[in-house]
Amino acid sequence: MKEYKTLSKINGPLLFLKGVSGVGLNETAEIVLPSGEVRIGKVLEIDRDTSIVECLEGTEGIGTDARVRFFGKPFTVFVSKDMLGCTFDGRGNPIDVRPLAEKEVDINTPAINPLFRASPSEFIETGFSAIDGLLSIVRGQKIPIFSDAGLPHIKIMCRLAENLSRDVVVVFAAIGLTDDAAEYVSESFRQSGAMKNTVLFVNKAEDSVIERTITPRVALSVAEFFAWDCQKDVVVLMGDMTNYASALRELSSAKQEVPGRMGYPPYLYSDFASIYERAGKIRNKKGSITQLSFLTMPDGDITHPIPDLTGYITEGQILLSAELYRKGIFPPINLLPSLSRMMQHGIGKGKTREDHHDVSNQLYACYAEAKHIEDLKSIVGEDALSERDTQYLSFKNAFEKQFLAHENHRSVNETLDIGWNMLKLVPKTDLTRINPAFLKKYGA
Amino acid sequence: MASSKGRVLKISGPVALVELSGSKIGDLVYIGKKGLLSEVIRIEANQATLAIYEDATGTQAGDPVEGTGAPMMLALGPGLIGGVYDGLGRRLETAGEFMSGTGKKTLFGINQRKKWRLEKTKSGRVKQGDVICTVRETKSIVHKIFARTDGKVTINKKSCSVCETFGELVSGKTKVSLKLMQSWPLKKQRPYLKKEFPNKMLVTGQRVIDSLFPVARGGVAAMPGGFGSGKTVLGHQIAKHSDADIVIYVGCGERGNEMARALEEFRELCDPNTGIPLMERSILVANTSNMPVTARISSIYFGALVGEYYRDMGYNVLLMVDSTSRWAEALREISGRLEELPGEEGYPVYLESLIASFYGRAGVVKTSSNTTGSLTIIGAVSPSGGDFSEPVTQATKKSARSFWTLNTNLAYRRHYPAVDWITSYTNHLKALSGGIDATEKQEMLSILQKEKDLERIARLVGYDALTKKDLFLIYIARAFREGFLQQNAYHEIDRYTSIKKQQEMFQTILYVHKLGQKTFNKGNDLDFSVLSTILEKISKMKNEKKEVFADLRRIAETKLGEK
């Protein structure tokens, strides 16, 4: 350990330290205040004998009389199997009980060699019909929920955790959530019983922005421990990624970096990738890491850099719709612009059910047609609609109310059965995407 | 090539300032205790700025730096094909499950132990560019070793590995030992005698491309599209099915899971033209989005260099880059770290000239050894926010002769490949041989354009208000869209369509169109239920192995022509 008392400049969250030698990039630092208070930091830049240290807990109260210690290693977190059921702050410090540590791991891990990745193909049941039926997710996939302020993404995340924690380890990283949202999350985890199979990290809105940039990495390191060391299937639920990006922007500006689009740092894409790409499956290893994140699109704009760059990294996206939510549909998933890029590899015979491909294609097509007819209705009026048109409109209504909207957990079989019930509402001759054999077997 | 030593002064992310005298721009430098790879990008007096190709965590001020005095060199030789490489041309199989920085240990992409049998050896007097010997690299690829000067060749081995000397070339007083391998600077273009006009099309097996917007062998195509518009799937389709001799697929900053899927599929599938496993003609470069950003920049140069290397042997090479936007963003990231004055949207001002010179490497060339080879470049572009007016798309547009815009709305409607037929174009200066006839193509495009107008009218006044003739046109357009343009990448037969079958499909739909028009012109009416059955049958042909176009035309003639 090295200790310095040479703080020369403090600017925003950054500390400039003179006369330092033998300190490496990204190393952890401890800032010790005269009062004895200790704060954590990270080496961001080294310029000859000056080290720039990023202070994780804000620089309020720090003067040039503070001492800084270096440990010769990057930021780490202690992990263990006993973490299940425990809650931690955004840096991985336990809030309630302190589990025994089994292993110390770096919060930044090197990229998985693409050659050693196994391509994900095992279906994972979320219990929501819209997702399981039409946007099926596989183990190892990463897919975000694009939401907007005022939409029930927190509730959806909690329900997903509840449903998923039946079969897999859930790691939940709350990033920059308000007090009440954070409270809602932990209460709902306790009540639903999800907590016993969950590791919860909470970074609140009032916590420091640097901690915010660390929370997802801490959570992912824990997830990697469960997945690669303990060979378990893990689902990481995290968000709000928009808060994460804002924190990154704030730091970048403090470092006086040249800004990219909308003031976000030019490396936002690479930075996002270093988080999202930690999902996956590795050949010859049993576990997997699936990521379900959420972000609120600023002003609901999908072309904003945050959802835009996210969409280029993740394997699909699930959009929420304010219109559906106003109609009382929960979860209000906007199907047409949503997509799961790995779906076709995880469904069908031997995985979910033989008719899954056909049913989902057909439901999509019918729903798209129904939407089209609804648009038409607003132009030509209800009277001008044909009988077929009205059939489609009643299909749409039923589909939204019975298929999309539901509170209880549904198995994928139930989902497909309800899908078939919906398809009975449209003319049989329009079911062109369904194999006639399935039509006979399931559609009677 | 004197090596020089120095030390680290300043380090921030992937950029370091070091004290190092006598270095040149582009020189390879080993930095830190691990000897991480880096490149000199700026020089001031005895200080150099380095871009580091690997994760630099733990690097300290005062750490040693070793300049090699030479640019980063790549080993070119037999054994490149079938490999999977990182952005620096290192074989991924030599790295472990996780890509931690390896440093100078490995910078060799080809197998150094494997013995190759020398064939067609030529001893005695040779001229520059003569083939000294060949090596059978894979079933379909014969690797050629050329004489680099005039002189006299002696060969003293029957087989050898890439590093061994198998003979010598004496030219005047100089003696050069002959090896199967040569070193070449990563970022240096390979020379050729002259460029020729691209005039043959590259068959991709993708109907919308081959029939409507073909790309030439030696041409440049750009594929811009927002996320979810199916760029990657289309890119994979072309890489798997095109009739190039060698395909180099560069996954530049792409998704790890999709790269894994591509690697699996390339191993399983066979070339539809030759039946030989795909890997025997493919080279894959995988730089996923979380791998070091500097290596992302070099990944496309690696692809282009290897492409030129095989082009020089007379092969038709296809270089597919997905996505060039990631490359441009990597440039922006490094430019930002260097605190350069930013251009549009923060990209470096020299972005446009870099893009132009990259695509400039495509072409049909008369090679230094007087044969003809070609390098075709297809670049995917991921415009931010799906907005095609952004700098990367616009700069790419200047180089691309074929421009395939992928439309997110088509993708939402599950119309794949989502190539928008209204905004895409092909603009080769000379006509390409071997595709769909130009007038037929024009006819089809105008039908599709008319459909769009009619749809707009129908939405306002209802389909019932359209004339029968208009309705007929909509039927034809729909058959063309759904039965021809839509192609299922996951269907065993549909995923690849030969040019002959494409022509048949195209012409059969057009034939029905002509029949119908004739009927209308005579003032007669058309039986729409018969029409739709016939069109449905034609549409289904894409999924059938057995082709019965002649029968379909006959049926159409008897059933539609009469009335």
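Predicted model: local features only at pLDDT ≥ 70, side-chain atom pairs only at ≥ 80, totals over all residues.
**Entry 1: chain A as a whole**

I began with the overall build of chain A. I counted 13 helices and 21 strands in its secondary structure. Along the principal axes, the C-alpha atoms of chain A fill a box of roughly 80 × 45 × 40 Å. I then looked up the radius of gyration, which is 25 Å for chain A. A compact globule of 444 residues would have a value near 22 Å, so the figure for chain A agrees with that. I noted that 53% of the 444 residues of chain A count as buried. I also looked at contacts in chain A with a separation of 6 or more: 72% of them come from residues 24 or more positions apart.

**Entry 2: domains of chain A**

Next I looked up the domain assignment of chain A. It gives domain 1 (2–73), domain 2 (77–346) and domain 3 (356–442). The C-alpha centres of domain 2 and domain 3 of chain A are 32 Å apart. Their contact takes 14 residues from domain 2 of chain A and 19 residues from domain 3 of chain A. Which elements give two or more residues to the domain 2 side of this contact? I found α1 (129–134) and β21 of chain A. Of the elements on that side, α1(A) gives the most, with five residues. By class, the domain 2 side that touches domain 3 of chain A divides into eight nonpolar, four polar and two charged residues.

**Entry 3: the eight-stranded sheet of chain A**

I traced an open sheet of eight strands in chain A, in the order β9-β16-β15-β17-β19-β14-β20-β21, with mixed pairing. The edge strands are β9 (87–89) and β21 of chain A, each of which pairs on one side only. Neighbouring strands of this sheet are turned by 15° against each other on average, direction ignored.

I picked one pair inside the sheet to follow by residue. Strand β15 (residues 169–177) and strand β16 (residues 198–204) of chain A pair in the parallel sense, over seven bridges. In this pairing I found A173(A) opposite F201(A) of β16(A).

**Entry 4: M195(A)**

Is M195(A) buried or exposed? M195(A) counts as buried because it has 23 C-beta neighbours inside 10 Å, and the cut-off for buried is 20 or more. Leaving out residues up to four places away in sequence, M195(A) touches G85(A), F189(A) and R190(A). I also checked the distance to V169(A): M195(A) is 26 residues from V169(A) in sequence and 10.0 Å from it in space, C-alpha to C-alpha.

**Entry 5: where chains A and B meet**

I turned to the contact between the two chains. In it, 58 residues of chain A are in contact with 57 residues of chain B. On the chain A side, the elements that give two or more residues are β5 (38–47), β11 (117–118), α6 (268–276), α7 (305–313), β21 (333–340) and α10 (356–380). By class, this side of chain A has 32 nonpolar, 16 polar and 10 charged residues.

I found strand pairing across the two chains as well. β5(A) and strand β1 (residues 4–12) of chain B run antiparallel and are joined by three bridges. I46(A) stands opposite I11(B) in β1(B).

**Entry 6: chain B**

For chain B, the domain assignment lists domain 1 (1–70), domain 2 (116–180), domain 3 (194–426) and domain 4 (438–561). I looked up the C-alpha centres of domain 1 and domain 4 of chain B, which lie 63 Å apart.

My last item was strand β5 (residues 47–52) of chain B. How many of its six residues are buried? Five are, and the strand is mostly covered. I listed two strands that pair with β5(B). Strand β2 (residues 15–19) of chain B pairs with β5(B) in the antiparallel sense over five bridges, with A16(B) opposite L50(B). Strand β4 (residues 36–44) of chain B also pairs with β5(B) in the antiparallel sense, over six bridges. There, S38(B) has I52(B) as its bridge partner. β4(B) and β5(B) form a hairpin with two residues between them. In the turn, A45(B) has a positive phi of about 50°.

Definitions and conventions:
Residues numbered from 1 in each chain as written. Chains lettered and ligands numbered in written order. Domains from an automatic or database assignment. Contact = placed C-beta atoms within 7 Å. Helix = DSSP H or I, 4+ residues; strand = E, 2+ residues; numbered from the N terminus. Nonpolar A, V, L, I, M, F, W, Y, C, P; charged D, E, K, R; others polar. Pairing = 2+ DSSP bridges. Axes fitted to C-alpha atoms, helices over the stretch in contact; angles between N-to-C directions. Buried ≥ 20, exposed ≤ 12 C-beta atoms within 10 Å, placed from the backbone. Rg over C-alpha atoms; globule rule 2.2 N^0.38 Å.
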